[in-house]
Amino acid sequence: MPAALAVSGLVKRYGRVEALRGVDLAVEEGELVGLLGPNGAGKSTLVKIACGLVRPTQGGAEVAGAPAGSHAALARMGYLAELFRFPGWYSADEVLRLHQRLSGSTGGEAERTRLLELVALAEARDRRVEEMSKGMQQRLGIAQALVGEPRLLLLDEPTSALDPVGRRTVRELLESLRGRGISVLLNSHLLSEVELVCDRVAILLDGAVVTAGTPSELARPRGVEVETDEGTRVYADARRDDAPRIVAELVAAGRRVYGVSVRTSTLEEVYLDAVGGETS
Amino acid sequence: MRGVGTIVRYGLEEALRRKVFAVVLLLTLCFLGLYWLANHYAFRDLSGVGVPAGIDARTFAGSFIFGLAMFATLFLGVVLAIFLTIGAVRGDAERGLLQPLVVRPIGRSSLLLGRFLGAAGVCVPYVLAVYFASMVITGSAGHWWPDRIVTPGLELAGAVVLIAAISLLGSVFLTATANGIAIFMVFGAGLVAGLLGSIGHALNSHTLERSAKIAAYVIPVEALYQDALGQITADTHGVTRFILELGPFGGAFVGGTTVRLWSVAYLALVGALALFAFTRRDL
């Protein structure tokens with residue numbers, strides 16, 4: 001079975017600027033992949049190529065085996081742009097109805113109701129877009145991307161305008177999507193969120209993937225921390241397997257041990273190491 | 001075709017809910033009211049006007065004032081066509097309205113065709129309605145009717161459809177503001193060419209007339225407008241005809257089947273260019 005999204009040797013140049021320099025990336029069926037990187041790293045360009053908004057200079061992208069941007073590829077994916085807007089005069093229900101017609105969805109009112117409930121907008125069904133907060137519009141954008149039951153979801157900064165409750169709603173939604181076998185490519189600056197929900201992470205810098213793997217693969221050991229009656233001791237070179245020995249030695253030396261924790265680098269630290277502190 | 005129909009409906013809803021129709025209807029009613037007044041007084045005072053021998057005063061007044069109405073109809077139709085299309089591609093893309101539509105499996109060609117048909121679906125009935133309303137006002141006030149009833153109206157509608165197509169093509173490359181300015185300048189350039197043709201006719205300058213004719217074909221909106229003007233006095237001859245051809249609102253002298261065929265070919269060319277450019281454009 002082809003990958004939900006397969007990107008190979010992707011190059012994109014805007015005049016002299018090289019936005020992508022030979023990117024290879026795959027999102028398998030039911031996988032949730034996080035795309036990280038500083039501003040200008042090429043994340044949005046990659047997502048736009050995947051959904052046919054931008055033409056690659058070299059290389060290509062395929063959605064479930066169909067060339068990106070083709071009718072077959074578009075029929076299998078949903079997309080939420082970083083900067084998007086719906087006509088202000090439409091209600092939430094009308095936005096979804098428009099996209100049902102465009103995607104050929106036969107879900108009807110039942111699908112619209114289900115999607116609005118998924119993003120906690122059931123009460124705002126008849127509210128006009130121009131009367132919605134930015135966060136509500138963003139949740140409506142996610143619902144719109146889910147119209148027609150896509151197999152691949154491309155989300156470009158889907159939580160940038162959401163409050164903590166809204167982010168949690170989206171996080172739970174992403175987890176439920178994974179449970180239904182829907183693949184997601186999540187482009188986000190919110191590292192904690194990516195760390196919480198993503199199966200794999202790819203970090204882009206200057207148009208190239210510099211680090212990729214599961215969050216646990218990327219996390220590096222940073223020692224063992226032991227809390228004793230003399231205070232907290234850090235064994236910087238120690239690993240998880242060393243913890244029993246360290247505790248045994250401390251107890252043998254007459255110390256009282258209250259707690260032990262194995263320290264690993266967070267995704268934020270991995271990210272900062274990968275991009276070298278670059279912000280744009 | 002499902003996508004085209006949906007986009008046509010989307011465009012019509014946009015025009016309706018942004019109150020474009022309401023504003024246009026109000027302005028049109030103002031224009032028609034003023035036009036009725038102009039007809040009423042012009043034809044009431046006609047008997048007191050001394051005209052040179054050989055000139056039919058009623059034909060002259062009727063065709064001149066109706067020519068003025070045709071210009072106004074064209075102008076209002078052009079304004080409507082431009083405002084419905086100026087931001088259809090780049091403008092909507094910059095506002096983030098276009099991307100959610102383009103990523104749906106309808107194809108960019110359907111999207112562009114839908115926007116064009118939506119604009120044409122609004123502009124053509126509008127132009128025909130104003131054209132026939134003006135004709136009825138002039139006919140009832142002055143008992144003068146154009147020599148050709150339907151063809152001039154269709155040509156005006158065709159000119160507005162051409163403007164909508166040119167504006168859509170411009171919207172692929174230009175921001176909404178720049179595109180609006182550019183299309184109005186193209187329209188203005190066509191009008192200037194027409195006026196130069198009238199001056200050339202009065203001065204019997206073949207070079208000026210030829211230049212104006214070439215310009216009218218480069219921008220066939222003007223050629224169609226001139227042909228429409230010519231059609232309303234198609235059966236008028238002699239001195240009256242010559243005076244009317246001096247324009248700017250009387251009978252004109254560029255016209256015929258060639259103009260209409262060229263306009264259709266021009267529309268196809270502009271459409272193909274717009275489609276080619278849109279399918280290659282990064283959004």
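Residues are numbered from 1 along each chain as its sequence is written, and chains are lettered from A in the order in which they are written. Because the model is predicted, local features need pLDDT of at least 70 and side-chain atom pairs count only at pLDDT 80 or more, while totals for chains, interfaces and linings use all residues.

## The two chains

Helices (H or I, at least four residues) and strands (E, at least two) are DSSP runs, numbered from the N terminus. Chain A comprises 10 helices and 13 strands. Chain B has 12 helices and zero strands, and its elements, read from the N terminus, run α-α-α-α-α-α-α-α-α-α-α-α.

A residue is buried if 20 or more other C-beta atoms lie within 10 Å of its own, exposed if 12 or fewer, and partly exposed in between, with C-beta atoms placed from the backbone. By this criterion, 40% of the 280 residues in chain A are buried, and for chain B the figure is 48% of 283 residues.

The C-alpha trace of chain A spans about 75 × 45 × 35 Å along its principal axes. For chain B the corresponding spans are about 70 × 40 × 30 Å. The radius of gyration is taken over C-alpha atoms, and the globule rule is 2.2 Å times the number of residues to the power 0.38. For the 283 residues of chain B a compact globule would have a value near 19 Å, and the 20 Å of chain B agrees with this.

Two residues are in contact if their C-beta atoms, placed from the backbone, lie within 7 Å. Among contacts in chain A with a separation of 6 or more, 67% involve residues 24 or more positions apart. In chain B, 79% of the contacts between residues at least 6 apart in sequence join residues at least 24 apart.

## Contact between the chains

Chain A places 22 residues in contact with 22 residues of chain B. On the side of chain A that touches chain B, helix H2 (71-75) and helix H3 (92-103) each supply at least two residues. The largest share, five residues, comes from H3(A). In the classes used here, Ala, Val, Leu, Ile, Met, Phe, Trp, Tyr, Cys and Pro count as nonpolar, Asp, Glu, Lys and Arg as charged, and the others, Gly among them, as polar. This side of chain A has 13 nonpolar, six polar and three charged residues.

## Helix packing in chain B

Two packed helices are described by the angle between their axes and the distance between the axes. Axes are lines fitted to C-alpha atoms, for helices over the stretch in contact, and angles run from 0 to 180 degrees between N-to-C directions. Helix H8 (residues 176-203) of chain B takes part in both pairs below.

| Helix pair | Angle | Axis distance |
|---|---|---|
| H7(B) and H8(B) | about 140 degrees | 9 Å |
| H8(B) and H10(B) | about 45 degrees | 8 Å |

The angle between H8(B) and H10(B) makes the pair oblique; angles under 35 degrees count as roughly parallel, over 145 as roughly antiparallel, 65 to 115 as roughly perpendicular and the rest as oblique. H7(B) passes H8(B) in a right-handed crossing, and H8(B) passes H10(B) in a right-handed crossing. A crossing is left-handed if the near helix is turned anticlockwise from the far one by less than a right angle, and right-handed if clockwise.

In the H7(B) contact, residues including B:Ile163 and B:Ile166 meet residues of H8(B), among them B:Val186 and B:Phe187. The residues of this contact divide into six nonpolar, four polar and no charged. B:Phe187 also belongs to the contact with H10(B), where B:Phe187, B:Gly190, B:Leu191, B:Ala193 and B:Gly194 meet B:Val221, B:Glu222 and B:Gln226.

## Local features of chain A

Helix H9 (residues 243-252) of chain A lies largely in the open, because zero of its 10 residues are buried. A:Gly254, with a positive phi near 90 degrees, follows H9(A).

Most residues other than glycine have a negative phi. A:Glu157, not a glycine, has a positive phi of about 50 degrees and lies in the loop between strand E7 (152-156) and helix H6 (164-179). With 19 C-beta neighbours inside 10 Å, A:Glu157 counts as partly exposed. A:Asp206, also not a glycine, has a positive phi of about 50 degrees and is found in the loop between strand E9 (200-205) and strand E10 (208-213). A:Asp206 is partly exposed, with 16 other C-beta atoms within 10 Å.

A:Val275 lies in helix H10 (residues 267-275) of chain A and touches A:Gly37, A:Pro38, A:Ile203 and A:Leu205, not counting residues up to four places away in sequence. A:Val275 and A:Leu205 are 70 residues apart in sequence and 6.3 Å apart in space, C-alpha to C-alpha.
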